[in-house]
Amino acid sequence: MRAALIKLHTAVFLWGFTGVLGRLISLNEGLLVWWRLFITAVTMWLVFFFTGNIKKISFKEFLKISAIGTVLAIHWLLFYGSIKYANVSIALTCLSTTGLISAFIEPIFFKKRINIQEVFLGLFALAGITLIYVSNLKFSVGIYIGLLSSVATVLVSVMNKKLVSVYEPITFTLYQLSGGFAGLTLLMPLYNYLFPTKQLLPLHYDWLWLVILSWCCTLFTFVLYVRALKKVSAFTVNLVLTLEPVYGIILAFIVYHENKELHNNFYIGFCLILFAVVLQMMRIVRQQKKIVISEELEKAFQQ
């Protein structure tokens with residue numbers, strides 16, 4: 001159990017580190033994500049080919065998974081765009097609202113009723129974002145983009161729920177990231193037209209940061225996360241995942257001294273969002289426990 005927790009915390013810490021690396025890389029957000037996916041996808045195909053882990057799927061299935069991968073690529077694009085237009089702390093704070101945004105989006109996809117308690121918790125998050133927004137108006141564009149990034153990652157999560165159980169995690173990840181790379185490649189001509197840049201290739205240390213981002217913060221974290229899931233409970237996983245923006249913001253303060261750029265209300269707003277996320281997570285865990293208890297009672301009566 002202790003080893004699994006260390007693996008989980010390491011994975012979440014490295015995910016928090018992606019924001020710091022994103023600010024280090026001189027490429028714009030579109031090309032940054034394109035190169036990240038390119039390096040990751042090529043590495044995965046080579047490793048899985050030599051280890052014999054490639055499993056074929058139909059073209060129709062590939063298109064479905066690729067669509068999700070493309071939305072994931074757009075999420076990354078928006079996340080790094082938020083960093084470029086604001087900073088790492090703002091982008092991660094916006095990303096921490098995903099758990100509450102999912103409370104509104106999931107009922108639409110799965111045709112469920114919106115829970116009043118979730119609406120109440122959503123108001124806490126809205127208050128936190130509003131407080132951050134009005135006290136950091138110079139980062140307003142970055143906040144808008146960051147919130148769109150949160151919506152995109154929730155859409156990925158919802159769509160994954162419908163497909164991920166059908167495939168093995170390794171197979172699904174391979175085709176999702178490969179499909180995301182293919183989808184983003186198709187979108188890049190339009191993106192470069194709308195947001196032109198002269199720098200198309202990584203420069204100097206950009207290559208090093210991209211390799212670290214692709215190998216350590218994408219592939220390595222996936223392995224750690226999957227292995228940790230086999231040992232720790234869903235509650236522990238969700239609790240540790242809430243630390244991702246905390247780790248990332250602390251790193252941004254240490255590396256870039258972003259605390260000097262932010263108004264004091266930022267901390268109050270972030271705490272409001274984090275408080276709402278933790279309450280939402282605890283509510284979901286209580287619901288799951290009730291379901292388990294009711295199932296056990298049904299089995300007992302059947303016997």
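His-257 is partly exposed because its relative accessibility is 43%, where buried means under 20% relative accessible area, exposed over 50%, and partly exposed in between (1.4 Å probe, protein chains only). The residue lies in the loop between helix H11 (244–256) and helix H12 (265–302); helices here are DSSP runs of H or I with at least four residues, strands are runs of E with at least two, and both are numbered from the N terminus. The structure is a predicted model, in which local features need pLDDT of at least 70 and side-chain atom pairs count only at pLDDT 80 or more, while totals for chains, interfaces and linings use all residues. Residues are numbered from 1 along each chain as its sequence is written, and side-chain values use heavy atoms, with hydrogens and water left out.

The backbone of His-257 has a positive phi of about 55 degrees, although the residue is not a glycine. Most residues other than glycine have a negative phi. His-204, also not a glycine, has a positive phi of about 45 degrees. This residue is found in the loop between H8 and H9 and is exposed, with a relative accessible area of 72%.

A salt bridge is counted where a side-chain nitrogen of Lys or Arg is within 4 Å of a carboxyl oxygen of Asp or Glu. The structure holds two of them. In one, the side chains of Arg-23 and Glu-258 meet at 2.6 Å, N to O. Arg-23 lies in helix H1 (residues 2–24) and Glu-258 in the loop between H11 and H12, so this pair ties together parts that are 235 residues apart in sequence. In the other, Glu-261 pairs with Arg-23, and the closest N and O atoms are 3.8 Å apart. This pair likewise links distant parts of the chain, with Glu-261 in the loop between H11 and H12 and Arg-23 in helix H1, 238 residues apart. Glu-258 counts as buried at 0% relative accessibility. Arg-23 is partly exposed, with a relative accessible area of 32%, and Glu-261 is partly exposed at 26%.

Phe-253 lies in helix H11 and counts as buried at 18% relative accessibility. Phe-253 and Ile-25 are 228 residues apart in sequence, and their C-alpha atoms are 18 Å apart in space.

A pocket was also examined. On a 1 Å grid over the protein atoms alone, a pocket is an open set of points with protein on both sides within 12 Å along at least five of seven lines, whereas a cavity is a set of points where a 1.4 Å probe fits but cannot get out; lining residues have an atom within 4 Å of a point. The second largest pocket holds about 300 Å³ of space, the volume being the space filled by probe spheres set on grid points that are joined across faces, edges and corners. Helix H2 (29–51), H8 and H9 are the elements that give two or more residues to its lining. H9 gives the most, with five residues. The lining divides into nine nonpolar, no polar and two charged residues. In this division Ala, Val, Leu, Ile, Met, Phe, Trp, Tyr, Cys and Pro count as nonpolar, Asp, Glu, Lys and Arg as charged, and the others, Gly among them, as polar. Among the lining residues are Phe-48, Ile-170, Leu-219 and Arg-227. Phe-48 is in helix H2 and is buried, with a relative accessible area of 11%. The C-alpha atoms of Phe-48 and Ile-170 are separated by 9.0 Å, although the two residues are 122 apart along the chain.

On the surface, Tyr-85, Val-141, Leu-190, Tyr-193, Leu-194 and Phe-195 form a nonpolar patch with about 660 Å² of accessible area together. Patches are made of residues with over 30% relative accessible area and no salt bridge, like charges being joined within 9 Å and nonpolar side chains (Val, Leu, Ile, Met, Phe, Trp, Tyr) within 5 Å. Accessible areas come from the Shrake-Rupley method with a 1.4 Å probe, and for residues only the protein chains shown count as cover. Helix H8 (residues 169–194) gives the most to this patch, with three residues. Phe-195 is found in the loop between H8 and helix H9 (206–229) and counts as partly exposed at 40% relative accessibility.
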